[in-house]
Amino acid sequence: MNNIKNSTISWQDDTPYSEHFQDFYYNSDGGIEETLHVFVNPSKVAERYLQMDTESFCINETGFGTGLNFYCTLQAIQEAAKIEKHRPLHFFTTELFPLSVDDFIQAVARFPQYSAITEQICQQYPPAVKGFHRIILNQGSIYLTLIFDDSFSAYQQCLHKTDAWYLDGFSPAKNSQMWQPELFQQLARLSKTNETTLASFTSAGAVRRTLQEQGFKIQKLSGFGKKREMISGLYTAENQPVCSPKPWFDICPSCNNIKHVAVIGAGLAGCTTAEALVRRGIKVTIFDSATDICQSASGNLQGALYAKLPSKPTQSGEFHLTGLEYSLRLLNIYQCFDGETAQQCGLLQLATNAKEQLQQQDLLAQNCYAKEVVRWVDAAEATTLAGTKTPFSGLFFPRAGWVAPKLFCEKLIADANIQLQLNTDITQLTQLADEKWHLTANGGKVFEMDAVVVANANSAKLFPQLESVATKAIRGQVTHSQANAVPLETVVCGAGYISPATQGQYCFGASFNLHEQSLELQTSDQQTNIDNLHKVLPELAAQLEFSEQPRGKVALRCSTPDYLPMVGPAPIHDAFISQYKKLNKDKNWTFATDAAPNYSGLFINLGHGSKGLITCPLSAEYLASLLTNQPSPLPRDLSQAIHPARFIIKQLIRRAI
Ligand code: SAM
């Protein structure tokens, strides 16, 4: 999955130089002036931000490098206007060879005038992990989406229309691989007729011709410094509607004018959704039948914050790893790494049997992950890292850790625009003729909302509209014990997992039971948790004391058949079946361009299983983007992999319905 490698750079004339492309990242005398001349001024970004009448203003770039184009753009807009969170700036950019974090810090130190923004990026700069990395800046008025991938593959995965293209990247002569017609096709697909502009430092004939073929009107302008010419352009072609290969996953622009959203469920899925919506200037009311937030599966004292990685690329692996990185950034923004809310203490995944040893060796041999993401450690190093003896070798994830979900959620929803309605069981959802939703609570009280996000896990099925959602409950029991033993320094996963102590307690487990639904603590499950701990950390386990009476917490995780969450518009089950019935006969059937039959204004965010800490924040950011018609933080493939209708479609193809 991750064949991304950091670039190798040297410094010449105080300017970064790419050893791979044998070229400077920017002009060694006048990098800022060049950026303004080539990209920012011809694209008129400041005037256009001021005049826009869309939900956000978006720029797509190729070749992020040190980010100079981004900083100059931001400054130009900020000099003309206040960028506000209800009309944010989105900057998408690609990078096939990202600078390492150390090189990046060194590079941006050359631009102290932009430190207000570069310091935030340095805090959140991702490791070399392939894929989309959304970075929230200035409390959500600016979004930088760094895509670590080749520009063509990156933009092929995007669906949003952009306002302006910045075509950077080393010159076609030095980097012919990037300047390909396939990339220009994507540029056209993501452009708006007579609105989207383009700017580039190169005026190479082949580039100009291909852009013209794709519908851009190109103008030659005088270049910067010694460069004779550069280009600017406007997309003037009409985009023809194309038949989508998977129309059931197409998402129509959301209901307009959403001002107040109901989120049902005050666990991790609900609280992260509320945060992502409020960050966009939307008012949120969270409803929960319980007396406090995080009372079900999100109510464990601690949860491990890590992505279990497959040895070879899979969509789940990509979703989990980019989800982990997004969660780390959100935890950072909310200053959660205080040792009480969360701790980035690393995680050991120990190989407790021969099969796991082989799997781990295979993962390492495939060489898909950067060393800063995962590395192998022998039993001696594992013991040193854990701070207590373990007989096993394993994988060490230095970026992982643990989170206290309830404390995290409290920080996320501490906003005047989030109202919390506890002790309120919503029993009915009704859509009115004007598309607004009425939520009826147990006592008969009715709340009117512009849209609803159902994030109440296994209870979602109780709403008639969602009775067919493919969720299943999996019981889990964690054990608590007084932390009077040797301190544990990292999270350790073996048969179960244990985190370093918090609030004077060790919290470990968890059992996994599909067939039992009881919410009573069970002695047998406690014993299994203790046995697992003895096997992995014998010295620590020997020092803990347990009473006959089990202590801990039981909850029912909400899971799905493929263990990925369900996030997106709620499908109208029967209408989906009748619209796509032909899949029964031919899985390649071409359908007319009718919109997929989803409830308008009804969304779901469910099925996070035991991975909510890494899947909820990114899913929430995705949902909030959908509801506000803003660019998605997910590649198209991943948004389809978590689409709520996927199980209906799979069943149709398998002729199971
Ligand atoms: N304005 C940028 C800056 O301030 O650093 C200049 C970037 S430099 C001229 C071009 C960047 O494009 C490099 O970081 C390079 O690694 C990246 N690049 C090259 N080929 C690429 C590709 N196919 N897809 C994405 N990025 C690519």
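**Around the ligand**

Q: Which residues come nearest to the ligand, of the 21 around it?
A: This is a predicted model, so keep that in mind throughout. The shell around the ligand counts 21 residues. The ones that come nearest are Thr66, Glu95, Asp150, Asp168 and Asn175.

Q: What is the distance from a polar side-chain atom of serine 151 to a nitrogen atom of the ligand?
A: The backbone handles a couple of ligand oxygen atoms: a backbone N or O atom of threonine 66 sits 2.7 Å from one, and a backbone N or O atom of leucine 68 lies 3.1 Å from an oxygen atom of the ligand. Serine 151 instead uses a polar side-chain atom, facing a ligand nitrogen atom at 2.9 Å.

Q: How much of the accessible area that the ligand has on its own does the protein cover?
A: On its own, the ligand has 600 Å² of accessible area. The protein's share of cover on that is 98%.

**Helix α14**

Q: What span does helix α14 reach from its first C-alpha to its last?
A: Helix α14 runs over residues 523–536, which is 14 residues. At 1.5 Å a residue you'd expect 20 Å, and the model comes close to that. The span it reaches is 20 Å.

Q: Within what arc do the buried residues of α14 fall, seen down its axis?
A: The buried set is Asp525, Gln526, Asn529, Ile530, Leu533 and Val536. Look down the axis of α14 and these buried residues line one face of the helix, because they fall within an arc of 140°.

Q: Which residue's backbone oxygen does the side chain of arginine 475 reach?
A: Arginine 475 lies in strand β25, residues 472–482. Its relative accessible area is 0%, so arginine 475 is buried. At 2.7 Å, its side chain reaches the backbone oxygen of serine 518.

Q: Is threonine 471 buried or exposed?
A: Threonine 471 is found in the loop between β24 (451–454) and β25. Buried means under 20% relative accessible area. Threonine 471 has 7%, so it counts as buried.

Q: What separation do the C-alpha atoms of phenylalanine 408 and glutamate 84 have?
A: Phenylalanine 408 is in helix α13 (residues 405–412), and it is buried at 0% relative accessible area. Along the chain, phenylalanine 408 and glutamate 84 are 324 residues apart. Their C-alpha atoms are separated by 25 Å.

Terms used
Residues are numbered from 1 along each chain as its sequence is written. This is a predicted model: local features need pLDDT of at least 70, side-chain atom pairs count only at pLDDT 80 or more; totals for chains, interfaces and linings use all residues. Side-chain values use heavy atoms; hydrogens and water are left out. A residue is near a molecule or strand if one of its heavy atoms lies within 4 Å of it. A polar contact is a pair of N or O atoms within 3.5 Å; within protein, one must be able to donate a hydrogen and the other to accept it, and residues adjacent in sequence count only if both atoms are side-chain atoms. Accessible areas come from the Shrake-Rupley method with a 1.4 Å probe; for residues, only the protein chains shown count as cover. Helices (H or I, at least four residues) and strands (E, at least two) are DSSP runs, numbered from the N terminus. The expected span of a helix is 1.5 Å times one less than its number of residues. Buried means under 20% relative accessible area, exposed over 50%, partly exposed in between (1.4 Å probe, protein chains only). The arc is that of the directions from the helix axis to the C-beta atoms.
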